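Q: I would like to learn how to read a helix and its surroundings from coordinates. Where do we begin?

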Amino acid sequence: MITRAIRNAFKRKKEKQWDFSYWAIDLHETVVRPNWSIKEIPVEFYPLAKEALQLISSQEDIVMIMYTCSHPPEIVEYLKFFESHNIHFKYVNENPEVINKKYG
């Protein structure tokens with residue numbers, strides 16, 4: 001389950017003495033319901049997704065990364081939309097704070 005993965009991530013963070021854990025959050029059909037519109041981004045949250053993201057976003061030791069295949073103008077709209085709901089993504093589709101090595 002996801003709760004076990006989260007517990008393990010925080011356990012490893014503590015063991016390794018890392019300052020942050022990094023969470024890549026997929027948007028479509030995970031956080032927001034699709035609307036299949038080419039004119040407007042989807043803005044209807046799945047139940048409890050908004051509250052969960054607000055809670056995660058408020059944690060000082062978590063860096064949230066928006067993971068999406070959206071086009072650049074849509075990404076700008078998404079960032080504004082989530083900010084208006086007190087949900088803060090630090091990066092989009094990347095994590096420049098951690099350099100990839102042989103094993104990720």
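A: With contact, which means heavy atoms within 4.5 Å. Helices (H or I, at least four residues) and strands (E, at least two) are DSSP runs, numbered from the N terminus. This is a predicted model, where local features need pLDDT of at least 70, side-chain atom pairs count only at pLDDT 80 or more, and totals for chains, interfaces and linings use all residues. Residues are numbered from 1 along each chain as its sequence is written, and side-chain values use heavy atoms, with hydrogens and water left out.

Q: What covers the buried residues of α3?

A: Buried means under 20% relative accessible area and exposed over 50%, with partly exposed in between (1.4 Å probe, protein chains only). The cover over the buried residues of α3 includes α2, β2 (62-67) and β3 (91-92).

Q: Which residues in α3 are buried?

A: An α-helix has 3.6 residues a turn, so residues three or four places apart point the same way. In α3 the buried residues are Ile-75, Tyr-78, Phe-81 and Phe-82. They lie on the same side of α3 because they cover an arc of only 125 degrees around the axis, taken from the directions from the helix axis to the C-beta atoms. Pro-72, Pro-73, Lys-80 and Ser-84 are exposed, on the face turned away from the buried side of α3.

Q: How many residues does α3 have, and what span does it reach?

A: The expected span of a helix is 1.5 Å times one less than its number of residues. Helix α3 (residues 72-84) has 13 residues and reaches 19 Å from first C-alpha to last, close to the expected 18 Å. Asn-86, which follows α3, has a positive phi, near 60 degrees.
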